[in-house]
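Please open the structure in a viewer and keep the selection tool at hand. Each stop below names what to select.

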Amino acid sequence: MSDKEIKVPNIGEFKDVEVIEVLVSNGQSVSKNDPLITIESDKSSVEIPASFDGKVKSVKIKVGDRVSEGDLILTVGQSGEEEKSIEQKTIKEAEPVANQNQNQNQKEKIEKVIQTQNLIKKDNSEASSASPKVRKFARELGVNINEIVGSERQGRIVEDDVKNFISSKINKTSDKTEAQPKKIISEFSHSDFGEIEVKDMPRVKKLASTYLVNSWTTIPHVTNHDEADITEMEDFRTSLTDMYTGERKKITPLAFIVKALVASLKKFPSFNSSIDDIENGKITMKNYFHVGIAVDTPHGLMVPKIRNADNKSISYISNELKTVSDQCRNLKIDKKEFFGGSMTITSLGGIGGSFFTPIINYPEVAILGVGKAQKKQIFINGKFETRTMLPLSLSYDHRIIDGAEAARFNNDLKENLGKNFAYKLAV
Ligand code: CAO
């Protein structure tokens, strides 16, 4: 069969961009959707996958080259003989490594893990970010790299992540009581019922999904719902004018909520902690107040931080909120800004809805969901009054925070957003 070419596809804004990784080499077998190269513009990086199965004949580009749509990446030979099952090959490669590095007992465990957890690389459609060396290392151990949560910036996977992944799987396999997650394979395909279109998942969503699944499946979430009476806060907020122009200041409730949250975090430090070393019974208490803000962008959800929010005024926080959300939407933000938070606020207040169940942004232990404030009739001191009520949905990690503490936290937050709060001093 004749060789086929794989070229740089239409990748929108990516023109004359740098190749930062070449993930395959001559002679290597690739399956459709395996990442071949990573390219990076000043905004973001993208992996270009193989468009069909085969064996790499000749890689035509190297790290540092600049490419645009239509440039040749590599040629692929398609002799069916050479294309052995990737699954079989991976098992064979895994064995000698296991022999060298593990004692017999551990090797049996790894093999059991591979069988029971289905770690053999069958489907590489989820391209993770890792260097070729780390990919090779994972492949040799029969681990599907796409199942690993990377510890580096933007979820990049390093060798230690592969090792930790294997040891966590070994521990899980040893624990007979642990339920094994099963992949549900439908009896029918979507196309059995009509025309369909299969699209690539946006990169940001793909990265976020690993974190979301990890959070949802490992953290025992509970969500307490409550309402804060923000009547006075809203009167005050909407009365704010610029000292020089006399024009109304445009500060959204979110900047006030950040400040109120920080006051509650100071009083309830367990909400500003992480328990990423639960095996050793260690809790990390944070002495800083970096509040994460969930920002809705066309690329997916991003969570930049308002750093040291305790030392910033409400006006300053309001400006920073605009700056960071613009940076996220234009992909102009440093990856580091998505890490190192105290607690996150996810506000749907500008869009609509009341209560929901936010997922904790691991390794944080709590997240505050904010809904749209509404005027309601509230029974106060024997009569109904019209008050502006803000829906709050506080999700927390039940391993470290109990329901009673969460209810107290909400009470404190309501107090901070209520008429007694020091927001009047903090604008
Ligand atoms: N109640 C009532 N009105 C509210 C409100 C609330 N809780 N929060 C904001 N508003 C109002 C604002 O005052 C503003 O009104 P004006 O236009 O009259 O000034 C309007 O809604 C729009 O606000 P905004 O959404 O642009 O600004 P924000 O500071 O509230 O939020 C940001 C900024 C970045 C959080 C927001 O743009 C965003 O991305 N929200 C979506 C977050 C998200 O998707 N969360 C879900 C994550 S889980 O999948």
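The model is predicted: local features need pLDDT of at least 70, side-chain atom pairs count only at pLDDT 80 or more, and totals for chains, interfaces and linings use all residues. Residues are numbered from 1 along each chain as its sequence is written, and side-chain values use heavy atoms, with hydrogens and water left out.

**First stop.** Select helix α7, residues 253–267, and helix α9, residues 403–417. Helices here are DSSP runs (H or I, at least four residues), numbered from the N terminus. The two pack at an angle of about 135°, with axes 9 Å apart; axes are lines fitted to C-alpha atoms over the stretch in contact, and angles run from 0 to 180 degrees between N-to-C directions. Next, display the residues in contact (heavy atoms within 4.5 Å): F256, I257, A260, L261, A263, S264, L265 and K267 in α7 meet F409, D412, L413, N416 and L417 in α9.

**Third stop.** Select the ligand, which 23 residues surround, each with a heavy atom within 4 Å of it. The closest are K250, T252, T346, G371 and A373. Zoom in on T346, where a polar side-chain atom lies 2.9 Å from a nitrogen atom of the ligand. Then select R329: an N or O atom in its side chain is 3.0 Å from an oxygen atom of the ligand. Finally, at D296, a backbone N or O atom lies 2.9 Å from a ligand oxygen atom.

Methods: A polar contact is a pair of N or O atoms within 3.5 Å; within protein, one must be able to donate a hydrogen and the other to accept it, and residues adjacent in sequence count only if both atoms are side-chain atoms.
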